[in-house]
Amino acid sequence: MIKVHGQKVTTNQEHLIYTSIIDDEEMNHQIVSVIDEMGDVQGNTTNVKAQMTEWKMADKPGFIKLSYIFREIAKEISFKDHKRTYGMRVKDMWGMKYKSGDYANLHDHWPALWSMSYYINPPENGPNIVFPASNYQIKPVNGLMCIFPAYVKHEVEKKEFEGFRYVVSANGH
């Protein structure tokens, strides 16, 4: 079983946001390669105004392992906080590559149960993930997995930065 190595953060709106650091550079390299190879499939038609893959990536190299880690951590969170064993499945998983000035509109992932974002080598001066209702932000670092209830609204603000911001997001049911 995978342990939640990070911390549980309770915001002022009582939204639970869980963070954990995943140290797997081989997985990260595979994911970045797949995102770069696939390119922009969505064409800015979603809330994400950045390069975005197709929605069903959980069976692709690197994404397979990340999907497993997400499921295991969500299972541990469910047991630890709710005393329930819950076998979650990943319904959607997609990759994104933000360049300077790209952003994501305020949105949620309802009706999913959990949402996840995972960051690979984010630029030092890149944008945070913002949870406006709780006045809370998280600065991405390499290997950071952030899990939160899918109904929680979040966004990525437009910001100038150098390099690329690689992110994988997923929904669990």
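This is a predicted model: local features need pLDDT of at least 70, side-chain atom pairs count only at pLDDT 80 or more; totals for chains, interfaces and linings use all residues.
**View 1. The aromatic pair of W55 and W94.** The rings of W55 and W94 form an edge-to-face aromatic pair, with 5.0 Å from centre to centre and 70° between the planes. W55 belongs to the loop between strand 4 (51–52) and helix 2, whereas W94 belongs to strand 5, so the pair ties together parts that are 39 residues apart in sequence.

**View 2. The largest nonpolar core.** This core has 27 residues, and those with the most contacts inside it are L66, F70, M116, Y118, M145, I147 and V168. Two or more residues each are given to the core by helix 1 (25–38), helix 2 (63–82), strand 5 (90–98), strand 7 (114–120), strand 10 (144–149) and strand 12 (165–172). Helix 2 gives the most, with 7 residues. In soluble globular proteins, nonpolar side chains tend to be buried together.

**View 3. The surroundings of V168.** Leaving aside neighbours within four places in sequence, V168 is in contact with I31, I35, F63, L66, M93, W94, G95, M96, M116, S117 and Y118. W94, one of these contacts, is also the edge-to-face partner of W55.

**View 4. Strand 6 and its antiparallel partners.** Strand 6 (residues 103–107) pairs with strand 3 (residues 48–49) in the antiparallel sense over 2 bridges, and V48 stands opposite A104 in this pairing. Strand 6 also pairs with strand 11 (residues 154–156), again in the antiparallel sense and over 2 bridges. Here the bridge partner of H107 is H154, which lies in strand 11.

**View 5. Charged side chains over aromatic rings.** The charged end of K97 sits over the ring of F164, at 4.1 Å from the ring centre. In another arrangement of this kind, R165 lies over the face of Y98, with 4.8 Å to the ring centre.

Methods. Residues are numbered from 1 along each chain as its sequence is written. Side-chain values use heavy atoms; hydrogens and water are left out. Two strands pair if DSSP finds at least two bridges between them. Helices (H or I, at least four residues) and strands (E, at least two) are DSSP runs, numbered from the N terminus. A nonpolar core is a set of buried Ala, Val, Leu, Ile, Met, Phe, Trp, Tyr and Cys residues joined through side-chain atoms within 4.5 Å. Buried means under 20% relative accessible area, exposed over 50%, partly exposed in between (1.4 Å probe, protein chains only). Contact means heavy atoms within 4.5 Å. Rings of Phe, Tyr and Trp (its six-membered ring) pair if their centres lie within 6.5 Å; planes under 30 degrees apart count as stacked, over 60 as edge-to-face and the rest as tilted. A charge sits over a ring if NZ of Lys or CZ of Arg is within 6 Å of the ring centre and within 35 degrees of the ring normal.
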